[in-house]
Amino acid sequence: MSEMRLAWQRFVRDRVAFIALGVLGLLYALTLFADVIAPYTLRDESRLHTYCPPSALHVLAADGSFSGLYVRGVAMHYDEYRRRSYNETQDVYPVKFFARGEPYQLFGLVRMDRHLFSVDEPGRIYLLGADSRGRDIFSRILHGARVSLTIGILGVLISFGIGLLVGGIAGYFGGHVDNVLMRLCEMVMMVPGFYLLLALRAAVPDSLSSLQIYAAITIILSFIGWAGLARVIRGMCLSLKERDYVLAAWTMGLGDMEIIVRHILPHTISYSLAAVTLAVPGYILGESALSLIGLGIQDPYASWGNMLSEAMSIVRIQFAPWILWPAFFIGLAVMCFNLVGDAWRDAWDPLLKGRGDNA
Amino acid sequence: MILQVEGLCKTYPGGVKALDGVTLDIRAGENLGLVGESGCGKTTLARVVMGLVAPDAGTVLLRGNPDRREFCRQVRMVFQDPFTSLDPRYSVREILKEALTLEPRMTTGEGLTRMRRVLDQVRMPRDILARYPHEFSGGERQRLAIARALMTEPSLLILDEAVSSLDVLVQKEIVLMLEELQQRLHMTYFFISHNLRVVRRLSRKIAVMTGGRIVEYGDRDAVFDRPAHPYTRTLIQAAFNYEVAP
């Protein structure tokens, strides 16, 4: 394990990557506690707040004295061209912390109704604005992160499980096994990823629950991702299997799979970790792309991709630019994963430093 | 007769003839030393005997039996480079435990007793079970590799250049230790080396190999005093730097 520890020490020295890791940690923490942090649940909408801009947070009362955090009510106006705009009214809605709100189940287990912050009805607090149905974009980003951020990790775990195993078996046994498995990989790699994604999605029936769709998309995404890794792992195994400790294990009667799992795959783990991190963005983007064109997560469930589908019209972006917030979070997560993955790969093998490819 | 090797042939892809009809017998207690220059097929022979390389022709029998499981239990191999023969990811305890793969199940206590015994035998302290290979020097690692080989009390130990990569003093210690172990444990050594002095010290029989063939095979003294093959003569001359009778 000392190899890992050395790599970690080198990794920590890379400030930017370390910060990126921190940001990712924060994003996942927010995701985990989305129900508590978000002021609204997924289905909470308000017809009176269509495309409401981000709420202004006030701390000073009308007479200039300090009054604690509050937001004002808003009133919708239409001008002569039927363009919508919002003006603040004089109604004051103090921001309450850990007040009762809509009930939810924390981690799907504990029934709770406390929210980190909220305002009393009919006031609404929109930190990042509202979408076409008056739903809070901030809340939806947190809820959507559950899909967008976990699909990457889950997909990567599945596809790398397959990739490690196929690569390990191909590299270790060699010969015909290797030949057949590698041709299979090439066939998977040959099909352009996004079209394969669409084709596989088309094969999944429409009448699924959101959870089933989530699972289906994860599996579809992992089905395209494993081949690249399998090839690299195979290459590593070809050289690893000639190591004396592998031969020694064989002479002591260990089975082939035991040797692959105990003595070969663990030596590819540092590399795999970097490859895994660098592969996650692909899954996040894949899910976003699918959801964006309406084949992924369906309303009312949120994912960063399907939230962005509202932003497909330039006119809407013009008068409600805040609907682009999910794009910011996609970009942030993808960038952080890339920074962390790159830094980890450099830390693991300093010789690779500066080489652009993610292979 | 512990080991019978008959008519082994192996040609590597690319046309290198590593073994060309090798026939050998090893009797219990009669250490066989195999000498020859680098690339003459010594290591290939060891690997074919261990089943690591499949021969093109020929048979390897352990007490008349070709079964791999029996080989794995009764024949153990010590590799040349102690820096690559122990997996750096596992502790000494796990490395030693792995040697028991084919043994009947034993309790943790029994396993520990055995580990302590082999560590004593190779003169390593008993409290190193939780440590990792990188914490040891080359000589210590080779002792650990030998300890691992002793775990199942094998009847035949194949030492493939087992002391060649160590410095002279460590080499001497390990050779002395091997001598002592043999007397105590009644093992037979198949000792492969290009170091004639070590081979002479440890072996009763000598086989000389060149170009994938055994060119000379006989009792140690006979081979050293009256080498029959010209290649053996050159080898002995080179090693001991003295003339031998033609």
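**View 1. Leu34(B) and its bridge partner in strand β8(B).** Leu34(B) has Ala207(B) as its bridge partner in β8(B). The surrounding strands, β3 (residues 32–35) and β8 (residues 205–210) of chain B, pair in the parallel sense over four bridges; two strands count as paired if DSSP finds at least two bridges between them. Strands are DSSP runs of E with at least two residues, helices are runs of H or I with at least four residues, and both are numbered from the N terminus. The model is predicted: local features need pLDDT of at least 70, side-chain atom pairs count only at pLDDT 80 or more, and totals for chains, interfaces and linings use all residues. Residues are numbered from 1 along each chain as its sequence is written, while chains are lettered from A and ligands numbered from 1 in the order in which they are written.

**View 2. The open sheet of chain B.** Six strands with mixed pairing form this open sheet, in the order β5-β6-β7-β3-β8-β9 (chain B). At the edges stand β5 and β9 (213–219) of chain B; each has a single partner strand, so one side of each is left without a neighbour in the sheet. From one strand to the next, the twist averages 15°.

**View 3. Helix α9 of chain B on the sheet.** Helix α9 (residues 230–240) of chain B packs on the sheet and touches β3, β8 and β9 of chain B. The direction of this helix makes about 105° with that of β8(B). Axes are lines fitted to C-alpha atoms, for helices over the stretch in contact, and angles run from 0 to 180 degrees between N-to-C directions. Residues are in contact if their C-beta atoms, placed from the backbone, lie within 7 Å.

**View 4. The contact between chains A and B.** Chain B gives 19 residues to this contact and chain A gives 15 residues. On the side of chain B that touches chain A, α2 (68–74) and β5 (75–78) of chain B each supply at least two residues. The largest share of that side, three residues, comes from α2(B). The predictor gives the complex an ipTM of 0.86 and a pTM of 0.71.

View 5. Chain A is divided into domain 1 (2–32 + 141–352) and domain 2 (52–134), with bounds from an automatic or database domain assignment. Their centres, taken over C-alpha atoms, are separated by 38 Å. Each of the two domains of chain A contributes six residues to their contact.
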